[in-house]
Amino acid sequence: MTMLAPGATIGILGGGQLGRMTVLAAAALGYRCHVFAGDRDAPASQLCAAATIAPFSDEAALARFAAAVDVATFEFENIPADSVRRIAAAVPVLPRPEILEIAQHRLDEKNFLRSIGVATTEFRAVESEADLAPALAALGAPAVLKSVRMGYDGKGQATIDAGTEPRQAWRRMGGTLGILEAFVDFAREISVVVARGADGAFAAYPPVENRHVDHILDTTIAPAALPPATLREAEAIARHVAERLDLVGVLAVEMFVTRSGGLLVNELAPRPHNSGHWTIDACITSQFEQLVRAICGLPLGSTERHSDAVMKNLIGDEVAHWRDAVADPRAKLHLYGKKVTRPGRKMGHVTRLLPRN
Ligand code: AMP
């Protein structure tokens, strides 16, 4: 891969906060960003040098975007595969579009993980309501029914226990193809954010603990307080996944730590991740800068952390706490420029820095 020197233009598919923080990191290194988004006022399009404002189905807009950028990446997973392939025909898209397609499809994702020897919870494909009863009989209750596509932050999910009517669960899931997963009675949820360059260079941030409220990430504790052997195993799993995907970019691997201390991978996100936001303020190189470095062919930066950190998302009305954050000398406030506050909407985050343990 040839290096793209500062001054080149990075295309970002998606206009959300992950794109916004990528634009900021790219600008610090002297790159320009061109965002493809549905809204000129989206968090990332507010800041970028140029924007294509169109739906992902607009072929002419995709062609204009591809012609205007030197490399493209995505900050959002639910982009139609056809649109990404169109861009990839004209300009490199990193991570590879095939990786995005695996992450977009919960069944393909779990089958891929199994095929490379990575443990996941037991699962069954559920193609219709009629498939649900036999799948439940095989896995036992409780179980979690998820739509294979377009799920995030607990959307498209239904937990099924002994008393749940299969019909109700199928309706609540709302998809056309589902995956039934055995419920994991986990001790903790963790994630590992890793980066990989085209030359195979690898960098990992320490595993972090994630706490969810109403299925939405609320708090990340960095690093996770787990035995060193578990931390090493989590990082090794994330590295194995990144290498087997032939990743160029950043990948988050979400895992459950079981009550017996085992690790099961739940999800892959081939992009910067909410659980990596703390790296902006507590590490030498943030996950966003790492993405820019990886896709532009620069050497990866150091992931060394100078502080431990607790990252709290500001969700919905919690954004009103911005005043506390700016008054706290150990806190770093990040707001995403969203005009409308809605319940469940990620409006910003605060990272509180702690002395390194
Ligand atoms: P996901 O959209 O797969 O990341 O799921 C969102 C959240 O739901 C996870 O972070 C877990 O807290 C919970 N969850 C998902 N799948 C399972 C499972 N199989 N067993 C227990 N909890 C789960």
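1. Let's start with Arg305, which pairs with Asp308 in a salt bridge whose closest N and O atoms are 2.7 Å apart. (A salt bridge here is a side-chain nitrogen of Lys or Arg within 4 Å of a carboxyl oxygen of Asp or Glu.) Arg305 counts as buried because its relative accessible area is 12%, and Asp308 is buried at 6%. (Buried means under 20% relative accessible area, exposed over 50%, and partly exposed in between, with a 1.4 Å probe and protein chains only.) Salt bridges with shared partners also join Asp82, Arg85 and Glu101 into one network.

2. A word on the model: it is predicted, so local features need pLDDT of at least 70 and side-chain atom pairs count only at pLDDT 80 or more, while totals for chains, interfaces and linings use all residues. Residues are numbered from 1 along each chain as its sequence is written, and side-chain values use heavy atoms, leaving out hydrogens and water.

3. The structure holds 21 salt bridges. One to look at is that between the side chains of Lys312 and Asp218, at 2.9 Å from N to O. Lys312 sits in strand β15 (residues 308-315) and Asp218 in strand β12 (residues 216-222), so this pair ties together parts 94 residues apart in sequence. (Strands (E, at least two residues) and helices (H or I, at least four) are DSSP runs, numbered from the N terminus.) Lys312 is partly exposed at 23% relative accessibility, whereas Asp218 is buried at 14%.

4. Glu209 and Arg211 also meet in a salt bridge through their side chains, at 3.1 Å from N to O. Glu209 counts as buried, at 7% relative accessibility, and Arg211 as partly exposed, at 43%.

5. Next, have a look at the second largest pocket. (On a 1 Å grid over the protein atoms alone, a pocket is an open set of points where a 1.4 Å probe fits, with protein on both sides within 12 Å along at least five of seven lines; lining residues have an atom within 4 Å of a point.) Its space is about 200 Å³. Of its 14 lining residues, Met21, Leu24, Ala25, Ile280 and Phe288 are the closest to its centre. The elements giving two or more residues to this lining are α1 (17-28), α10 (287-296) and β16, and α1 gives the most, with 5 residues.

6. Finally, Leu335 lies in strand β16 (residues 331-335). Leu335 counts as partly exposed, at 36% relative accessibility.

Definitions and conventions: Grid points are joined across faces, edges and corners, and a volume is the space filled by probe spheres set on the points.
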